[in-house]
Amino acid sequence: MNDEESASLTAAEAEARFRALAELVPDLLWRTDAHGSPDWYNQRWYDYTGQTPAEAVADGWLQALHPADRGPSMSRYQQALAEGSTLRQEHRIRSASGEYRWFQIRSKPVRDAQGRISQWVGAATDIHERHLAEDARQARADAALRASEEQFRLFVTASSDTLYRMSPDWQQLLYMDGQHFQSAAPTPSSTWAEQYSFADDRATIAAAVATAIASKQVFELEHRVVQGDGRVAWVYSRAVPVLDEQGEIVEWFGAATDISARKQAEAELQALTASLEQQVAERTQALRASRDVLQSIYDTTLVGMTVLEAVRGADGTVLDFRMASVNQELTRESGRTDLVGKLYAEEFPGVRASGLLDQMREVVETGVPQQLEYFYPYEDRNQWYSASFVRLGDGLVTTTLNISARKQTEAESQRLAEENLHLRLTQQQARIEAVLTAQEEERRRIAESLHNGVGQLLYAVKLQFDQLGLAPALKAVPELAAMQRQATGLLSDAIRQARTLSHELTPGIVADFGLAAALHDICHKLKSPGLYWQCLVHLDEEYPVPEHLQVAAYRLAQELTQNVIKHAHATQATLEVETLPGWLVLRAEDNGRGFDPAAPSAGIGLPSLRNRVALLGGSVRLEAAPGRGTRVQVRVPL
């Protein structure tokens, strides 16, 4: 027997011994090549799974696993193959009877002399009974936990405190019952600090929590919280750590008691104590300093000041005031150094005549301060003063400031303002008169051209046509005779219109008969069977209308009435003119079709009217509506 045969025999014996031992153990055993492909199972595998060797090849073993375990087990198996590491996992394997039992899986690589993986061997140990026992223990633990939680819930219901549970590191609020004091947190929250704790206290809370976690001791702290309605309250919070068997913190159970009333009482007591101490200190300081400060103000102010004590009669009526104190400014203003102790009205009798004494009495009786400015012509003073009276005990503190210089400045400023206004009005009046004069001069020129130029030319043409009508030849042709008569009629109409326009452009009636007659003339000429005009003129002689404004008013009346005739389609209309203090008012009203002032095409003719009135410094008010007529009011300053 050579060495090769000896080595082959030794390997065969080892394989035989391995297979014999594999059949003796109760575990399910298998072997795979270096790539994880199975090449051998022990008989125990075939007996338990009911698989045949043909069914178990390749990934047949995977079919014996519970469907829910196949994916995770295969993933972990492939990871172990890739890493060349020992595999440990638990999954369920189906028996030949169809029952699934839990097994603990261990698979380990076998390496050759060079350290390369030559094969894998694995074993599955039945741990089903242990797994069931663990499930039973977990079920009992869950039941105990539920019972504990039910006890905790009952405790929470019976407690008036806010109860809470925190994660081991306090990063999450696991549960909180606010008991109507704080908003509940039935689900875990990682923003509990921002949601419930007061911003200024968060650093203090975090420090106390860190200390409690590090020491695994009770957390205790008084701090502020934000309630559900946004109000800030004080709580005494206490939490104990729950430790596992290894002494590690599992969670924290805590309770927070509302101590807002106690804190408020403590704060009020502290504030009251501090306030009383401060008041005593301030009062002492004030008493020491007030006399010096008041005396300094009293003596340096530019306002005259005096302290008066009421002098009452037998019936309690204030008869006069005794001067208890007088400052240096009042001494200087009055020129008296002997006023202290004397009666106010006796030394200054003008206060009775001016009514100042009555106002001083009123302040003492009502307590309502008064401030006034008055001219004092008594005791040869003739000065303006600003005074104030404030009740002090059964008397007054009065201040007096000579404001004569200011009053003189105000009067001068008023005079200059009035002169400036008069100058501006005069200049504006001159500009208006110049514009109106220029307009009337232009109208006169146009009227003269119409009358002496166009009018005369039309009249000459009419005479020629009249002579043409006498010609025998024209009479012989009836058509031409008819055309001659028609042309003559048109020329007569043109001559009349030229005369009318010339008359309207040069309203001599205003200069000859006055504004009232001119306005009545407008209404008279515009009357027709389809339109009745009512003319109302009320010119008060107390408020005379300047000549240039009479012409302007006549022109405005013409424009108002022409707008009615052209656009209103009315049957009745009124033209009203009156003078009021400082104003000349024109109104034109009709019962026509009206219009919408807001419409883009509304108010035809109104821009011209507004421009004329604006030139005169006046205003136009328009009231109109479709189907409800139109009312226009023009106000021009006299």
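Strand 9 (residues 232-243) and strand 10 run antiparallel, with 9 bridges joining them. Strands count as paired here if DSSP finds at least two bridges between them. Before going on, a word on the model: it is predicted, so local features need a pLDDT of at least 70 and side-chain atom pairs a pLDDT of 80 or more, while totals for chains, interfaces and linings use all residues. Residues are numbered from 1 along each chain as its sequence is written, and side-chain values use heavy atoms, leaving out hydrogens and water.

Back to the strands. Val240 has Phe253 of strand 10 standing opposite. The hairpin of strand 9 and strand 10 has 5 residues between the strands, and Gly247 in that hairpin takes a positive phi near 85 degrees. Strand 10 (residues 249-258) also pairs with strand 6 (residues 162-166), again antiparallel, through 5 bridges. One spot to look at there is Tyr164, whose bridge partner in strand 10 is Gly254.

Now for the whole chain. The count comes to 20 helices and 20 strands, where helices (H or I, at least four residues) and strands (E, at least two) are DSSP runs numbered from the N terminus. Of the 638 residues, 33% are buried; buried means under 20% relative accessible area, exposed means over 50%, and partly exposed is in between (1.4 Å probe, protein chains only). The accessible surface is about 38,000 Å², with 55% of that belonging to carbon and sulfur atoms. Those areas come from the Shrake-Rupley method with a 1.4 Å probe, and for residues only the protein chains shown count as cover. Take the contacts (heavy atoms within 4.5 Å) between residues at least 6 apart in sequence: 49% of them join residues at least 24 apart.

On to charges. The structure holds 34 salt bridges, each one a side-chain nitrogen of Lys or Arg within 4 Å of a carboxyl oxygen of Asp or Glu. Here are three of them.

| Salt bridge | N to O distance |
|---|---|
| Glu129 and Arg101 | 3.3 Å |
| Glu222 and Arg262 | 2.7 Å |
| Lys263 and Glu222 | 3.1 Å |

What do these pairs tie together? Arg101 is buried, at 15% relative accessible area. Glu129 and Arg101 also belong to a network of salt bridges with Glu99 and Asp126.

As for cover, Glu222 is partly exposed at 32%, Arg262 is partly exposed at 36%, and Lys263 counts as buried at 18%.

Last, the backbone. Most residues other than glycine have a negative phi. Lys216, though not a glycine, has a positive phi of about 55 degrees. Lys216 is in the loop between helix 8 (202-215) and strand 8 (219-226), and is partly exposed at 31% relative accessibility. Asp380 is no glycine either, and has a positive phi of about 55 degrees. Where is Asp380 found? Its place is the loop between strand 13 (370-376) and strand 14 (383-391), and at 76% relative accessibility Asp380 counts as exposed.
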